[in-house]
Amino acid sequence: MIHVFDMLPLSIVKNITDFYEFCDFTDGSWSGSANKELKYNEQILDEIHYPSLVQLMDKYISENAEFNYYFLPRGHTHPNFLRYKEGMHYAWHNDMWILDGMKTDYSVTCFLSSPDEYEGGELVIEVGGKELEYKLNPGQAVIYQTGLNHSVKKVTKGERKVITWWFCSMIDNSRNREIITEFSKLLAQLEPEHPLKHKFETIRHNLIRENAII
Ligand SMILES: [Fe+2]
């Protein structure tokens with residue numbers, strides 16, 4: 001299952017992209033491959049600004065009630081603040097099963113640039129032999145099961161800014177995880193005064209209780 005989620009409000013996106021204007025960038029090959037045929041991007045890692053950006057994102061992720069309600073994160077990695085300039089890309093690959101000492105259940109790509117600010121740069125995810133392409137609006141994120149093959153098409157014009165990170169779910173079994181997330185998403189659409197809302201919430205709580213690892 002691949003989820004498109006409104007992760008960040010535009011005010012936060014603006015706050016983060018302001019950092020992109022004056023931060024120093026490091027060659028993205030510091031993590032993963034140094035082979036630019038495979039991975040060619042840049043990221044913010046400087047000792048002055050990067051910690052502030054991490055703090056901003058950590059706070060926002062932990063306080064995002066909708067995100068926590070749907071996806072039940074147990075923990076998450078540090079976020080990567082990336083840019084792909086003209087000619088940059090990330091070839092087909094599979095993310096590590098463990099990052100920052102944590103099992104990776106979900107991969108997240110949150111778009112910061114508008115689709116009309118750059119050409120190419122689509123995130124492509126292979127599911128069941130089909131290639132699904134994502135190029136979303138600022139603040140929107142693609143959340144997908146880590147382990148799916150994916151790539152970033154070469155940027156042919158402009159600049160693609162994104163944040164990526166990974167999180168571990170409280171629900172260890174991937175099938176149960178998807179069922180609970182789908183149920184939570186449906187439940188969130190019910191009006192608070194719906195006569196079955198309370199009973200469904202009780203079922204959700206019990207499902208989580210039976211499956212959650214804290
Ligand atoms: Fe990746």
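A residue counts as buried if 20 or more other C-beta atoms lie within 10 Å of its own, exposed if 12 or fewer, and partly exposed in between, with C-beta atoms placed from the backbone. The model is predicted: local features need pLDDT of at least 70, side-chain atom pairs count only at pLDDT 80 or more, and totals for chains, interfaces and linings use all residues. Residues are numbered from 1 along each chain as its sequence is written. Helices (H or I, at least four residues) and strands (E, at least two) are DSSP runs, numbered from the N terminus.

In helix α4, Arg177, Ile180 and Thr181 are buried. Because they cover an arc of only 100 degrees around the axis (taken from the directions from the helix axis to the C-beta atoms), they sit on the same side of α4. Arg175, Leu186 and Gln189, on the other side of α4, are exposed. The cover over the buried residues includes α3 (65–71), β17 (160–169) and α5 (197–211); contact requires C-beta atoms, placed from the backbone, within 7 Å.

Strands pair if DSSP finds at least two bridges between them. Two antiparallel pairings involve β7 (residues 89–93).

An automatic or database domain assignment divides the chain into domain 1 (2–169) and domain 2 (174–211). Their contact takes 6 residues from domain 1 and 7 residues from domain 2. On the domain 1 side, α3 gives the most, with 3 residues.

Methods: Contact = placed C-beta atoms within 7 Å.
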